[in-house]
Amino acid sequence: MNWVGLQMLRNDRAKFAAMIVAVSLAVFLMQNQAAILATMLSMTAAQIRDVQDADLWVTEPEVECFDQVKAMRDIHLLRVRGIAGIAWAAPLLKIDAIGHSEGGRLNTVTVLGIDDASLAGLPHQMRVGRADAIRELNTAIIDPGGHELFFPGEPFQEGRSLRIRDRRIRIMGISDIAAPFTGLPMLHTSRSTAAALNLGEQHMTSFILARSAPGNRPEALCQKINTLGGLRARTTEQFASDAMWFYGSQGVPMLFMITITIGLIVGAAITGQTFLMFIKENARPISMLKVVGTTDRQLGTMILLQGTVVLVLGSCFGSGIAAAVCNVIRTQPFLRSLYLPWEIALGTCLALASVTGIALYASYRHVRGLEPAAVFR
Amino acid sequence: MTPLDSSAVHCTGIRKHFGEDDARVEVLRGVDYTVRRGELSFLVGPSGCGKTTLISVIAGLLETSSGEVSLFGNHLARMPHSDRVLFRRSHLGFVFQQYNLLQALTAAENAAIPLLAAGVRRREAVDRAAALLDRLGLGSRTAAYPRQLSGGQQQRVALARALVHEPRLIICDEPTAALDHATGEAVMELLASAAVHPDRAVLVVTHDSRVFRFADVIAHMDDGQITHVEPGRRTDAATHLGSSRLTNPSA
């Protein structure tokens with residue numbers, strides 16, 4: 001009888017198509033918005049996670065995320081290095097400044113000054129060029145979004161420069177780091193070069209990157225550093241999660257959740273109502289099936305199968321569209337970090353299935369309540 | 001064989017009402033009615049006299065207010081609902097006034113529905129239904145959809161659906177009402193030739209007096225009661241004539 005149910009569904013092409021379109025659009029909307037939200041939150045922690053050679057971040061106690069910079073006294077670096085179990089510790093300087101390209105383009109840039117000696121925090125993946133070229137004074141590597149912003153549509157040419165605070169910084173390569181939450185071009189340079197751009201400031205350390213020695217738990221080392229006073233140490237994941245929580249509590253996720261909820265409600269409502277209409281319009285054939293001895297259980301299975309087919313097809317189309325749109329958007333340099341986690345894809349489909357399940361149950365109750373004798377009238 | 005043993009349908013004192021108090025309507029007022037095996041029995045009467053309610057009660061689709069219905073010695077009212085559904089699936093076939101074919105299915109697939117409901121594999125069910133349609137003169141139309149068939153052809157598909165699982169009682173509700181006279185006669189001839197069997201009863205509800213000649217027994221009903229029962233005029237000659245005419249697919 002399941003086959004009969006599928007044929008009935010296929011035969012009513014208008015409603016079948018309407019239900020699949022409704023599910024597809026709802027799934028697309030939910031996945032798209034959820035993916036943007038997830039990407040935005042992950043971007044708030046992208047620069048923290050990009051630093052793979054350190055497993056500890058030490059900051060001033062008030063700092064909640066990578067974009068909050070409070071300069072640290074240089075003595076703190078020595079205090080951290082003095083902790084037993086710390087393999088090494090290196091300063092990282094972060095400054096924001098205005099950059100001008102040769103072509104007259106102007107934009108605020110984030111400059112990260114990497115420790116000259118250890119190069120701790122240098123990007124490991126490069127699109128073009130070598131990362132360690134920044135050892136030379138007044139050189140830097142730029143992220144893909146920054147290159148596109150300052151040199152739109154142009155191929156990379158080593159040695160082209162940006163003017164930052166009256167210094168000419170030569171670009172030696174394009175890094176392959178995650179897109180930053182701020183959307184600002186990201187320049188990695190040596191701490192010496194960055195310090196020269198930061199004239200007038202007394203302290204040249206924004207973060208201290210550290211590595212735990214083998215046999216030492218990073219969490220335990222964080223506790224040790226925190227007991228020193230005046231410092232806040234976190235593991236990479238703790239700092240990343242604090243950053244995401246900080247931005248997540250600013251209200252933006254609520255706006256996305258509203259859109260996702262609307263997608264869920266509208267999608268489920270249209271699908272559910274159309275399905276219920278489909279069942280009601282087929283009341284006479286279904287009554288006939290009851291008369292000839294089709295059990296309520298068989299009819300229930302039939303409805304479940306019809307609903308499942310609609311949801312699976314709609315979810316596949318919707319997820320496919322969401323993934324395709326995601327891939328198109330990712331081609332934009334500043335949106336290159338957009339991704340659609342499988343958990344979001346699965347979760348949105350299951351959420352829609354749960355809500356639509358109510359409509360399927362209502363349809364089943366309607367079918368159970370159908371008076372088979374009505375087929376004689 | 002006692003009269004009860006030979007009966008396919010045995011109704012005793014059937015009463016049925018709808019609504020309560022001021023809205024109460026007595027539709028069946030103590031119906032005693034018997035249909036014997038091997039009979040083509042007509043239940044006739046004016047519209048609203050209770051014919052459809054009575055066949056709904058006989059088929060176990062409606063509960064009686066009082067009285068008993070026995071089908072081949074089985075008391076439907078005493079069966080659990082699920083058993084009643086399974087009994088209906090195995091032992092009853094139905095032909096409706098409006099055919100009630102599923103537009104999504106071909107003629108053979110429509111005719112196979114009772115077998116599919118009984119769990120027979122699709123291929124086997126459709127093959128059996130197609131073979132039956134062939135015997136009913138629709139061998140060339142098994143793959144046609146209802147919208148591609150004439151009214152008479154659709155009713156023949158409905159008849160195949162009623163016969164395919166070899167039920168012991170076939171209930172037909174106004175099978176000729178939606179057909180013109182010639183087509184109606186053809187369908188009745190087919191019913192008389194294909195459905196009547198010594199161990200099967202056929203109960204036809206109709207008010208189409210032009211087909212009365214196909215009946216073995218005619219029960220007249222009025223105002224919720226069987227008023228009188230008279231023998232019909234079905235002859236073997238008529239049946240034979242019918243079989244030969246009915247194999248014309250254009251009917």
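How many helices and strands does the secondary structure of chain B come to? I counted eight helices and ten strands in chain B, where helices (H or I, at least four residues) and strands (E, at least two) are DSSP runs numbered from the N terminus.

The model is predicted, so to speak of local features I need pLDDT of at least 70, and side-chain atom pairs count only at pLDDT 80 or more, while totals for chains, interfaces and linings use all residues. Residues are numbered from 1 along each chain as its sequence is written, and chains are lettered from A and ligands numbered from 1 in the order in which they are written.

**Chain B, overall**

I looked up the radius of gyration, taken over C-alpha atoms with a globule rule of 2.2 Å times the number of residues to the power 0.38; chain B has 18 Å, which agrees with the value near 18 Å for a compact globule of 251 residues. I then noted that 52% of the 251 residues of chain B count as buried, that is, with 20 or more other C-beta atoms, placed from the backbone, within 10 Å of their own.

**Chain A, strand 7**

I next turned to strand 7 (residues 167-175) of chain A, which pairs (at least two DSSP bridges) with strand 4 (residues 126-128) of chain A in the antiparallel sense over two bridges, A:V128 having A:I174 as its bridge partner. Strand 5 (residues 139-142) of chain A runs parallel to strand 7 of chain A, with four bridges, and A:A140 is partnered by A:I171. Strand 6 (residues 161-164) of chain A is joined to strand 7 of chain A by four bridges in the antiparallel sense, and there A:I164 stands opposite A:R167. In the hairpin of strands 6 and 7 of chain A, with two residues between the strands, I found A:R165 at a positive phi near 45°.

Methods. Buried ≥ 20, exposed ≤ 12 C-beta atoms within 10 Å, placed from the backbone.
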